[in-house]
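Subject: Structure handover

Hello,

Please find the structure below, followed by notes on what was found in it.

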Amino acid sequence: MHTSQDQNVYLSSGYQRSSKREWKPLEDRSCTDIPWLLLFILFCIGMGFICGFSVATGAAARLVSGYDSYGNICGQKNAKLEAIPNSGMDHTHRKYVFFLDPCNLDLINRKIKSVALCVTACPRQELKTLSDVQKFAEMNGSALCSYNLKPSEYTTSSKASVLCPKLPVPASAPIPFFHRCAPVNISCYAKFAEALITFVSDNSVLHRLISGVMTSKEIILGLCLLSLVLSMILMVIIRYISRVLVWILTILVILGSLGGTGVLWWLYAKQRRSPKETVIPEQLQIAEDNLRALLIYAISATVFTVILFLIMLVMRKRVALTIALFHVAGKVFIHLPLLVFQPFWTFFALVLFWAYWIMTLLFLGTTGSAVQNEQGFVEFKVSGPLQYMWWYHVVGLIWISEFILACQQMTVAGAVVTYYFTSRDKRNLPFTPILASVNRLIRYHLGTVAKGSFIITLVKIPRMILMYMHSQLKGKENACARCVLKSCICCLWCLEKCLNYLNQNAYTATAINSTNFCTSAKDAFVILVENALRVAAINTVGDFMLFLGKVLIVCSTGLAGIMLLNYQQDYTVWVLPLIIVCLFAFLVAHCFLSIYEMVVDVLFLCFAIDTKYNDGSPGREFYMDKVLMLKRR
């Protein structure tokens with residue numbers, strides 16, 4: 001047995017192999033991949049520069065306060081722009097942006113194709129005639145026609161049809177914090193909604209679907225909470241039902257293969273016994289070809305079934321190991337309950353970053369110098385090297401998002417490694433292994449996480465570029481080019497998945513050995529290759545069990561939704577709420593069960609290393625759980 005001093009040292013999750021193939025504790029951990037950490041910090045400084053530049057050039061004011069078609073920011077006094085009419089106006093009292101034709105949407109360029117003006121107030125009621133527009137201007141002091149047209153001329157000028165808003169003017173309200181007058185009636189955006197929801201064929205159906213969501217919002221919220229609770233419960237009890245799920249999978253595979261093979265031989269025997277005298281000569285050759293094809297199919301199915309049975313016979317112990325790993329993973333969540341909340345922290349961090357990224361993106365959309373377009377209106381564009389800030393910003397979205405996800409993987413790996421390599425008395429665990437793992441991540445391994453996430457970024461960016469090219473060339477490229485594009489996208493997707501799996505195991509090796517990313521990835525790869533059959537069993541059987549868990553949560557939540565929404569007799573009304581609930585349930589189940597899968601993978605790598613360098617003899621005792629000890633052969 002290990003002494004308590006050894007246990008305390010092992011709690012730092014630091015181990016390395018000596019030349020005698022023994023585990024030797026490291027009292028001090030070293031920082032890994034420091035150059036990559038510095039590179040990541042410099043990259044984040046560049047992201048901050050983009051945000052600061054867009055704010056400093058006035059983009060923040062143009063985004064929040066809005067600006068008209070002549071470059072004037074609403075709600076403030078503006079400077080005159082050279083060679084641009086109607087610029088330099090004092091809009092101190094005109095705080096809202098009003099579009100003459102707000103329903104004219106450009107779906108390709110994602111903007112409103114309309115003249116924008118700064119007005120004092122948004123029309124809260126529909127204005128059907130120019131007389132109504134004139135009365136609104138006189139009563140509220142808010143001129144809705146062009147600056148060149150006085151309110152008294154709205155009904156008399158021949159240019160009023162061009163310089164005034166399109167009639168009828170829909171009732172609108174200001175968007176909170178962004179000072180834009182937006183139509184209240186959703187039917188104004190029916191075209192845009194139909195572009196997003198292709199199955200909606202008329203506005204009445206769209207209205208009914210939206211009303212169904214609004215009237216069922218309490219039920220939707222309750223069902224979302226139900227899916228959250230079910231996911232957390234499943235993570236605790238899945239270790240008890242894993243054996244049942246494996247038996248279900250085994251029985252289905254056996255019955256499916258035997259049934260398919262039996263049907264093929266039955267069809268062959270039936271076809272062979274059928275009298276050939278009744279077959280006309282022209283059909284005789286076809287019948288013989290069919291008989292020969294059935295024989296080939298039956299023989300192939302028989303060979304496949306035999307090979308499948310042999311594989312299942314060879315893999316039976318590996319499947320037993322998978323069940324044991326799921327059982328131990330359930331114990332991990334009992335001893336480390338904070339693991340259950342890991343998806344919340346990761347999601348919260350991603351939402352904060354995405355909110356910052358979107359806000360900066362909006363700033364970039366309104367930054368730059370004022371230029372006049374073909375219609376004589378003002379647009380803001382960035383020229384010179386700064387116009388490539390968009391690409392830098394997009395790369396930042398991918399890299400930093402992957403960095404946050406990698407931090408989660410490293411945190412989980414560190415906590416599970418701490419659990420595994422603590423002696424069998426789990427009372428010696430630190431009070432908060434999760435927080436201890438976060439502390440080690442911040443102090444030592446941020447460079448490793450930055451490097452691993454950058455490698456994923458290098459693969460993801462070309463795939464996204466190819467997907468964009470494929471969407472733009474859809475219907476224009478020839479069959480060969482389409483096949484090449486899809487093949488490249490598929491290959492990059494497979495490479496990304498493989499690298500993601502290798503990265504996760506590399507983070508586990510880093511948590512154990514405190515080595516840099518490349519060394520950890522090499523060590524993890526060697527261990528995985530040496531245990532290829534075990535890896536195959538875990539990734540097939542384990543993924544199937546987790547998939548069944550997701551299906552169980554989605555079906556349970558959907559069934560509860562049907563029962564709660566059944567009182568609404570108009571079934572088209574609760575279709576959209578039910579779809580929303582099921583999608584949310586799947587997302588929640590995927591997030592929670594992904595943590596479970598991560599724990600199983602970390603436990604397996606620890607188990608493989610433990611069995612490789614320890615044999616149970618005095619001084620080289622196993623650290624594994626008793627359940628795993630029975631499955632180590």
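This is a predicted model: local features need pLDDT of at least 70, side-chain atom pairs count only at pLDDT 80 or more; totals for chains, interfaces and linings use all residues.

The space in the second largest pocket comes to about 1600 Å³. Its lining consists of 43 residues, and those closest to the pocket centre are Leu405, Gln408, His590, Cys591 and Ser594. Besides α17, the elements that supply two or more lining residues are α11, α12, α13 (433-472), α14 and α16. Sorted by class, the lining has 23 nonpolar, twelve polar and eight charged residues.

Two of the residues closest to the pocket centre, Leu405 and Gln408, are also contacts of Thr346, which touches Ile404 as well when residues up to four places away in sequence are not counted. Thr346 sits in helix α11, which runs over residues 342-365. Thr346 has 8% relative accessibility and therefore counts as buried, the cut-off being under 20%.

The cores

The largest nonpolar core has 61 residues, and the ones with the most contacts inside it are Leu339, Tyr420, Tyr596, Val599, Leu603 and Leu628. Elements giving two or more residues to this core are α8 (217-273), α10 (316-335), α12 (389-420), α14 (479-513), α15 (517-530), α16 (532-565) and α17 (575-613). Here too α17 is the main contributor, with the largest share of the core at 19 residues. For Tyr596, the contacts are Met235, Ile238, Arg239, Phe326, Ala329, Gly330, Phe333 and Leu546, again not counting residues up to four places away in sequence. Another core lies apart from this one; it has 25 residues, including Phe99, Tyr147, Val169 and Cys181.

Aromatic residues

There are 16 aromatic pairs in the structure. In one of them, Tyr507 and Phe517 are 6.3 Å apart, centre to centre, with 55° between the planes, a tilted arrangement. Tyr507 belongs to helix α14 and Phe517 to helix α15, so this pair ties together parts that are ten residues apart in sequence. Both partners are buried: Tyr507 has 1% relative accessibility, and Phe517 has 5%. Separately, one aromatic cluster is formed by Trp36, Phe40, Phe43, Tyr392, Trp399, Phe403 and Phe454.

Backbone points to check

The peptide bond from Leu167 to Pro168 is cis, with omega near -10°. Pro168 is located in the loop between α5 (160-163) and β7 (172-174).

Two residues other than glycine have a positive phi. For Asn86 the value is about 65°, and this residue is in the loop between α3 and β3 (96-99). For His179 phi is near 50°; the residue is in the loop between β7 and β8 (181-183). With 26% relative accessibility, His179 counts as partly exposed.

Around Ala61

Ala61 is part of helix α3, residues 59-65. Its relative accessible area is 28%, so Ala61 is partly exposed. Leaving aside neighbours within four places in sequence, Ala61 is in contact with Gly66 and Ile73. From Ala61 to Gly75 the C-alpha to C-alpha distance is 9.7 Å, at a separation of 14 residues in sequence.

Regards

How values were computed. Residues are numbered from 1 along each chain as its sequence is written. Side-chain values use heavy atoms; hydrogens and water are left out. Helices (H or I, at least four residues) and strands (E, at least two) are DSSP runs, numbered from the N terminus. Buried means under 20% relative accessible area, exposed over 50%, partly exposed in between (1.4 Å probe, protein chains only). Contact means heavy atoms within 4.5 Å. A nonpolar core is a set of buried Ala, Val, Leu, Ile, Met, Phe, Trp, Tyr and Cys residues joined through side-chain atoms within 4.5 Å. Rings of Phe, Tyr and Trp (its six-membered ring) pair if their centres lie within 6.5 Å; planes under 30 degrees apart count as stacked, over 60 as edge-to-face and the rest as tilted. On a 1 Å grid over the protein atoms alone, a cavity is a set of points where a 1.4 Å probe fits but cannot get out, and a pocket is an open set with protein on both sides within 12 Å along at least five of seven lines; lining residues have an atom within 4 Å of a point. Grid points are joined across faces, edges and corners, and a volume is the space filled by probe spheres set on the points. Ala, Val, Leu, Ile, Met, Phe, Trp, Tyr, Cys and Pro count as nonpolar, Asp, Glu, Lys and Arg as charged, and the others, Gly among them, as polar.
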